Amino acid sequence: MADSDDTTTLPALSRRELIGGATVLPIGAADAPRRGSTSDPVLDLWEEWRVLHAELDAWQDDWQKKEGVLLRTVGMPRVLVPVPGQVEPVSACEPAEIDELLEDLPGTEELRQRLHREFAAHRRRWEIAAGAIGLGPVEERVNNAWDRWDALTETVWQVPAGSLAGVAAKLAMVLSIGQSRSDDDEFPWPPLRSVLADLQRLGKLPDSVVSTSR
């Protein structure tokens, strides 16, 4: 739908939210035991996942900075559509939104054509500026990393843990993905943090295994 918001938000958790749910095949569970050096394949996958997650944070920060430059200098591609009966024009951020807003209004063909030309020109300015600052390669790198992140995540759920530390690592991953912050007080996060603390205490596990920082 059209709206008047001139800002964008980048993905916080899953790339699927950004591009609409691409199918990602998980790493074969049978291959997992050969991937690392520990006796529990889940721990190897967990460590790889955490490293990739940290890299994603850095790459997405770069992506956001570059898009921020474009938003300040070029502006998100859009046009303002004058709609009869509304005091303020409505912002259209896609060509289809122009037609949707003017769909039932007779005598608007010339206006539609003009608005489509204006939108195409604005989008072209955005694309030229994005190319100049190298947004495309950064976006591709982030999307490829999200593919890998999704695959690793799915694989951890499928690979059986071979130790108490592996069980704790799986729970730490759930918390890392699901919590909005480390002290999220919404259910079920406080009880799950309590369970994780019990696992760490009983198994005498190092902090590196149970860390939920993102």
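Helix α4 covers residues 109–133, 25 residues in all, and runs 37 Å from first C-alpha to last. That is close to the 36 Å expected at 1.5 Å a residue, where the expected span is 1.5 Å times one less than the number of residues. Helices here are DSSP runs of H or I with at least four residues, strands are E runs of at least two, and both are numbered from the N terminus. Keep in mind that this is a predicted model, in which local features need pLDDT of at least 70 and side-chain atom pairs count only at pLDDT 80 or more, while totals for chains, interfaces and linings use all residues. Residues are numbered from 1 along each chain as its sequence is written, and side-chain values use heavy atoms, with hydrogens and water left out.

Which side chains of α4 are tucked away? The buried residues of α4 are Leu 111, Arg 112, Leu 115, Phe 119, His 122, Trp 126, Ala 129 and Ala 130. Buried means under 20% relative accessible area, exposed means over 50%, and partly exposed is in between, using a 1.4 Å probe and protein chains only. These buried α4 residues pack against α2 (41–73), β1 (79–81), β2 (90–92), α3 (95–101) and α5 (135–158).

Arg 112 counts as buried at 16% relative accessibility, whereas Asp 99 is partly exposed at 31%.

The whole structure has ten salt bridges. Another one pairs Arg 201 with Asp 198 at 3.3 Å, N to O. These two sit three residues apart in α7 (residues 189–203), so about one helical turn separates them. As background, an α-helix has 3.6 residues a turn, so residues three or four places apart point the same way. Arg 201 is exposed at 53%, and Asp 198 is partly exposed at 33%. Elsewhere, salt bridges with shared partners tie Arg 181, Asp 183 and Asp 185 into one network.

Now for the nonpolar side. A nonpolar core is a set of buried Ala, Val, Leu, Ile, Met, Phe, Trp, Tyr and Cys residues joined through side-chain atoms within 4.5 Å. The largest has 35 residues, and Trp 49, Trp 149, Ala 168, Leu 196 and Val 209 have the most contacts inside it. Two or more residues come from each of α2, α4, α5, α6 (164–178), α7 and α8 (207–210), and α2 gives the most, with nine. Leaving aside neighbours within four places in sequence, Val 209 is in contact (heavy atoms within 4.5 Å) with Leu 43, Trp 46, Ala 165, Ala 168, Ala 169 and Ala 172. Apart from this core lies another, of ten residues, among them Val 83, Val 90, Ala 92 and Phe 119.

Most residues other than glycine have a negative phi, and most peptide bonds are trans. A cis peptide bond joins Phe 187 and Pro 188, with omega about 10°; Pro 188 is in the loop between α6 and α7. Lys 204 is not a glycine, yet has a positive phi of about 50°. Lys 204 lies in the loop between α7 and α8 and is exposed, at 73% relative accessible area.

How values were computed
A salt bridge is a side-chain nitrogen of Lys or Arg within 4 Å of a carboxyl oxygen of Asp or Glu.
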